[in-house]
Amino acid sequence: MPIIHPGLQLTPLHGAAPAWQGFIGQDDLQPICRSVCDSGGRLVALWGSDERASGPGFVLHLVLLNETGLICLHLPLSAVQPAYPDVSEIFPAAGRMQRAAYDLLGIAHNGTDQRQWLRHAAWRSGSFPLCKDFDAVQSRTDELDNYPFVQVAGHGVHEIAVGPVHAGIIEPGHFRFSVVGEKVLRLEERFGYTHKGIEKRFESMSLGQGAKLAGRVSGDSTVAYAWAYAMATESIAGTTPPDRALWLRALFLERERIANHLGDLGFLGNDVAFSFGLTQFWILKEQVLRNNAALFEHRYLMDTICPGGVSVDLAESGKQILLEECAMLEREAHLLRNIYEEHASIQDRYMGTGYVAPKLAAQLGLCGLAGRASSQVWDARVQFACAPYDQLDVRIAVHHNGDVAARVIVRFDELFESLRLQRKIVSKLMPSDILMLPLEKLPGNGFGLGLVEGWRGEVMVAIHTDAQGNLARVHPHDPSWQNWPVLEHAIMNNVVPDFPLINKSFNLSYSGHDL
Amino acid sequence: MYQILKQIIKTGIKTEPAPQANEAMRIQPQLLQQKILDTFGHALNIRLVDAGSCNGCEMEINAVNNAYYNLEGLGIKFVASPRHADMLMVTGPVSRHMEVALRRTFDAMPDPRLVVAIGDCAYDGGIFGEGYASCGKVSNIIPVDVVVKGCPPTPVAMMQGILAAMSHFIKE
């Protein structure tokens with residue numbers, strides 16, 4: 001058993017990710033969270049569902065993670081005035097998730113921050129889109145959003161408001177800086193601008209359509225989401241995809257990591273006025289994207305993973321292309337790494353900038369790539385290695401300095417490791433004609449989880465089916481939920497012009513967070 | 001420094017020929033820069049607004065600026081303020097939370113102005129459709145001159161869309 005708690009009965013969930021589930025009562029929530037936290041575990045996701053049609057009311061769901069795997073706890077709530085005790089005192093990352101769960105479903109928490117989070121003015125306060133009886137027309141409002149930001153007072157303090165529309169080619173969000181001179185005293189984020197109702201949309205979709213939508217929760221992580229979604233469906237159905245499909249999924253996931261790390265390394269050069277780096281790395285990234293298009297019919301590998309398997313194969317002739325690509329990228333990226341490391345003006349901007357101490361990272365639950373740059377030794381490909389990662393022996397990339405420089409180093413290390421993995425996958429890929437065991441319908445009243453280590457961090461998808469086996473509730477969770485609040489800390493005491501650099505060194509998703 | 005120079009020389013020029021201009025444009029690609037200058041008096045300036053996309057289109061818009069496509073080489077660049085922009089590029093279904101920001105950005109642009117909607121979602125709402133939080137296609141909110149379909153559209157398709165919008169404009 002992954003955790004022991006009086007009266008708690010956990011049952012294992014079928015699937016690629018090691019996971020258990022169990023029902024708990026109101027009084028168990030905080031003690032269980034406390035004991036998982038105290039033993040080094042983390043909160044992955046928190047969401048709610050409206051089960052008034054089939055049961056007594058609403059249900060709160062939490063996924064916790066410790067070294068044994070995922071623990072999904074279901075806490076039934078009343079149909080009238082549903083509420084549960086705050087867990088953000090234990091897991092600070094829960095704060096925004098609890099506020100979002102209230103905005104979408106009306107389930108209340110007693111945390112200190114009771115402000116709205118995902119809701120601006122698209123629907124009225126007191127109406128809840130994820131309730132099954134939600135009326136979109138009735139709940140429309142024309143009022144403007146009026147969000148109470150925290151004010152910083154003092155001599156010489158002023159505010160800089162940035163966004164939602166940013167100066168560059170990036171997603172929308174609002175940043176409120178309180179500064180003295182150039183120094184940032186406080187940053188407060190405000191998101192939800194790209195909230196387009198993804199979770200509600202899932203509920204009207206077939207399994208196949210849902211796979212496409214999952215691949216568009218955050219476009220830059222389309223492979224990770226599509227795999228996590230497929231993993232959740234296979235968890236409910238109790239099936240395992242064909243071997244070759246699993247190896248191809250890993251190939252796609254590593255290619256997504258390679259492309260994104262290359263792009264970020266270019267941007268991280270550009271943000272310190274080293275446009276040479278941007279040009280060079282984006283030449284490399286473009287070559288990866290073109291190979292994707294030539295071999296797998298899509299530059300970003302969208303819709304290549306579907307429930308039950310994959311939809312494209314790697315031709316025998318493609319193997320040589322991938323091996324040549326590996327050799328080229330290794331050669332070029334090593335050269336560029338030397339240039340980055342020897343260029344004093346780059347290192348001067350990187351070192352010590354946007355520092356997140358390992359202790360703070362652990363307290364706030366910083367995860368994924370940014371977490372590993374602050375000593376958080378978690379990588380789902382290592383700790384919860386599902387096939388084929390159990391045969392790939394992934395080397396985790398960890399750094400302890402917690403600054404922009406560390407996040408750059410982790411990206412370089414992971415890039416080279418992904419290239420090594422790509423080589424290994426290509427050499428171990430066994431011929432087979434079977435790429436998919438089609439999954440069109442799921443069993444009724446099922447629940448499944450998928451967890452995939454995307455390039456940014458752990459991507460989780462949870463699926464609940466109704467009595468007929470249709471999608472009743474789908475909750476995709478992006479690692480950006482955990483990491484955005486940490487950015488507010490990373491910028492403190494840095495100068496305003498370093499914000500773009502620090503922000504890019506995390507490179508978090510807005511769409512994946514706003515849903 | 002030696003390493004950098006060596007790498008620059010070794011890299012050479014990656015920029016490929018600009019895509020063939022759409023027939024509707026009726027101008028030669030090599031005359032493009034001059035036409036832009038004659039019409040706008042400066043480079044064509046584009047302001048991007050992500051009105052709720054999944055960020056897939058943003059990746060390809062960034063790619064348009066890489067050495068292979070080299071959009072800036074044609075005299076077309078992205079700017080930070082709508083006040084400086086001749087063209088508004090919009091991605092995504094327009095989320096209700098971005099509706100006001102999109103309208104305000106459009107209103108802040110000087111006339112004459114062009115709007116290019118990028119991607120399947122901007123075209124018809126795409127997979128996200130219309131709902132309690134999504135207004136669907138861009139033309140539900142502001143007038144659109146050119147639509148570039150695709151999920152996401154390739155960099156070449158985007159450049160063709162930009163050129164098509166401009167040619168229509170230059171003809172007037």
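Predicted model: local features only at pLDDT ≥ 70, side-chain atom pairs only at ≥ 80, totals over all residues.
Local features need pLDDT of at least 70, side-chain atom pairs count only at pLDDT 80 or more, and totals for chains, interfaces and linings use all residues. Residues are numbered from 1 along each chain as its sequence is written, and side-chain values use heavy atoms, without hydrogens or water.

In the interface, 62 residues of chain A are in contact with 53 residues of chain B (heavy atoms within 4.5 Å). The two chains bury about 4400 Å² between them, 64% of it on carbon and sulfur atoms. Buried area is the accessible area (1.4 Å probe) lost when two parts are put together, summed over both. A:Val165, A:Ile169 and A:Lys196 supply 17% of the area that chain A buries against chain B, more than any other three residues.

Three salt bridges cross the interface of chain A and chain B (a side-chain nitrogen of Lys or Arg within 4 Å of a carboxyl oxygen of Asp or Glu). One of them joins A:Arg290 and B:Glu16, at 2.8 Å from N to O.

No disulfide is found over all chains (a disulfide being a pair of cysteine sulfur atoms within 2.5 Å). The sulfur of B:Cys54 lies 6.2 Å from the closest cysteine sulfur, in B:Cys151, and is therefore too far for a bond. B:Cys121 is likewise in no disulfide; the nearest cysteine sulfur, that of B:Cys151, is 5.9 Å away. B:Cys54 is buried, at 10% relative accessible area (buried means under 20%, with a 1.4 Å probe and protein chains only). B:Cys121 is buried too, at 13%.

Terms used: Chains lettered and ligands numbered in written order. Buried < 20%, exposed > 50% of the residue type's maximum accessible area, 1.4 Å probe, protein only.
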